[in-house]
Amino acid sequence: MTIRVPIVENILNANDHLAVENNSRLESAGVYSINIMASPGAGKTSLIEQTLPRLKDKLRVAVVDGDIATSIDADRAANAGAQAAIQINTGGDCHLDAVMLRGALEQLDLTQFDLLIVENVGNLVCPASFKLGTHKSILIASIPEGDDKPYKYPGMYRGVDALVINKIDLLPYVPFKMDYFERGVEVLNPGVVTFPLSAKTGEGMDAWTNWLVEQVKSKR
Amino acid sequence: MHELVVTQSILDISLRHAQKAGAEKITGINLVIGEFASIVDDSVQFYWELYAQGTIAQNAQLHFERIAGEMTCTNCKLSFHPKDTDFACPDCKSEFVQITKGDEFRVESIDVE
């Protein structure tokens with residue numbers, strides 16, 4: 001005889017639980033943390049490289065870099081002034097998950113840091129589904145990607161707490177309708193705080209880093 | 001791309017609840033997946049056949065109930081299926097709309113013997 005057993009459990013429940021554990025670990029060490037997500041080439045590592053020198057003498061920063069392979073990004077973060085930089089190679093996985101971040105947290109003496117920056121694997125789909133336990137999720141959009149990305153990747157745009165629009169120095173050269181882009185963002189994530197900037201020229205960087213410092217301070 | 005992890009989670013959840021219910025065999029797994037949840041049914045089915053081997057769920061049928069995405073206009077309250085390239089309300093053209101369906105991603109129930 002067949003019996004139906006009701007369950008109603010979110011499929012990624014196990015990951016969500018671990019994310020909560022990661023968050024309590026960061027909380028109890030007094031570390032504020034952000035998860036930076038974007039497509040490959042949007043400028044995640046460049047933004048981190050330009051952010052670190054601006055936080056010097058203000059915050060002690062650790063960076064965790066997720067990539068399918070290589071330690072290029074962690075090396076760049078270390079060279080840019082991160083007090084610690086840990087590379088996670090996912091070996092083919094398209095996103096970081098809470099287990100991977102837990103492994104990285106175990107390698108850090110969290111009491112030595114004010115801010116943890118997690119750089120996710122370059123991907124506009126999967127990272128949105130896997131909570132890590134960081135305090136805030138940040139998405140970097142970049143001008144050459146095109147203005148239709150909120151419409152094509154709604155899951156990513158919906159779940160974030162702040163949006164960086166990188167490479168604004170390319171606006172004169174690329175057909176990017178900012179109002180069309182912003183309309184899509186507004187539907188998916190009403191009122192999300194937005195930082196238009198260029199990690200290359202430095203334009204807009206101060207607003208972003210000041211916000212970050214404020215976030216960390218308000219957490220203390 | 002992460003169907004492997006998803007399949008493993010579906011199996012873990014199903015086996016845990018089957019054990020609690022004292023089941024000998026899982027014959028069906030009922031999943032509810034919204035349009036905005038990014039998984040491919042065929043890939044999950046493919047991994048299932050590998051992963052569930054040797055467990056009490058190895059012959060279980062996976063049933064996918066797909067929920068269509070829905071947005072609701074906060075101005076005129078119309079619920080509609082959004083177009084790919086435009087989220088505005090098709091009736092009153094308002095851009096103040098909210099996503100009201102399509103995020104579902106859960107194991108609803110299992111059928112056991």
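Reader: At what angle do helix α2 (residues 44-55) of chain A and helix α8 (residues 205-219) of chain A pack?
Author: This is a predicted model, in which local features need pLDDT of at least 70 and side-chain atom pairs count only at pLDDT 80 or more, while totals for chains, interfaces and linings use all residues. Residues are numbered from 1 along each chain as its sequence is written, and chains are lettered from A and ligands numbered from 1 in the order in which they are written. Helices (DSSP runs of H or I, at least four residues) and strands (E, at least two) are numbered from the N terminus, and axes are lines fitted to C-alpha atoms, for helices over the stretch in contact, with angles running from 0 to 180 degrees between N-to-C directions. On that basis the axes of α2(A) and α8(A) are 10 Å apart, and the angle between the two helices is about 65 degrees.

Reader: Is the crossing of α2(A) and α8(A) left-handed or right-handed?
Author: A crossing counts as left-handed if the near helix is turned anticlockwise from the far one by less than a right angle, and as right-handed if clockwise. For α2(A) and α8(A), the crossing is right-handed.

Reader: How do the residues of the contact of α2(A) with α8(A) divide by class?
Author: Residues are in contact if their C-beta atoms, placed from the backbone, lie within 7 Å; here Gln50(A), Thr51(A), Arg54(A) and Leu55(A) of α2(A) meet Met205(A), Thr209(A) and Val213(A) of α8(A). In the classes used, Ala, Val, Leu, Ile, Met, Phe, Trp, Tyr, Cys and Pro are nonpolar, Asp, Glu, Lys and Arg are charged, and the others, Gly among them, are polar. The division for this contact is three nonpolar, three polar and one charged.

Reader: Are α2(A) and α3(A) roughly parallel or oblique?
Author: The axes of α2(A) and helix α3 (residues 72-79) of chain A come within 9 Å and cross at roughly 15 degrees. Angles under 35 degrees count as roughly parallel, over 145 as roughly antiparallel, 65 to 115 as roughly perpendicular and the rest as oblique. The relation of α2(A) to α3(A) is therefore roughly parallel.

Reader: Which residues of α3(A) make the contact with α2(A)?
Author: α2(A) passes α3(A) in a right-handed crossing. From α2(A) the contact draws on Thr45(A), Ile48(A), Glu49(A) and Leu52(A), and from α3(A) on Asp73(A), Arg76(A) and Ala77(A).

Reader: Which are the edge strands of the open sheet of seven strands in chain A?
Author: Strands pair if DSSP finds at least two bridges between them, and in this sheet, with parallel pairing, the order is β4-β3-β5-β2-β6-β7-β8. Two of its strands each pair on one side only, and these edge strands of chain A are β4 (84-89) and β8 (193-196).

Reader: Which residue is the bridge partner of Ile140(A) in β7(A)?
Author: Strand β6 (residues 136-142) and strand β7 (residues 162-166) of chain A run parallel and are joined by five bridges. Within β7(A), the partner of Ile140(A) is Val164(A).

Reader: In what order do the four strands β1(A), β6(B), β1(B) and β2(B) form an open sheet?
Author: β1(A) and strand β6 (residues 105-112) of chain B pair in the antiparallel sense over six bridges, and in β6(B) the partner of Val5(A) is Ile110(B), while that of Asn10(A) is Arg106(B). The pairing in the sheet is mixed, and the order is β1(A)-β6(B)-β1(B)-β2(B).

Reader: Are α1(B) and α2(B) oblique or roughly parallel to each other?
Author: The axes of α1(B) and helix α2 (residues 41-51) of chain B come within 9 Å and cross at roughly 55 degrees. The two helices, α1(B) and α2(B), are therefore oblique.

Reader: Which strand supplies the largest share of the side of chain A that touches chain B?
Author: In the model, 27 residues of chain A are in contact with 26 residues of chain B. On the chain A side, β1, α6 (154-158) and α7 (178-188) each supply at least two residues. The largest share, eight residues, comes from β1(A).

Reader: What is the radius of gyration of chain A?
Author: Chain A has eight helices and eight strands. Taken over C-alpha atoms, its radius of gyration can be set against the globule rule, which is 2.2 Å times the number of residues to the power 0.38. The rule gives 17 Å for 220 residues, and chain A is as compact as a globular protein of that length because its radius of gyration is close to this, at 18 Å.

Note on methods:
Two residues are in contact if their C-beta atoms, placed from the backbone, lie within 7 Å.
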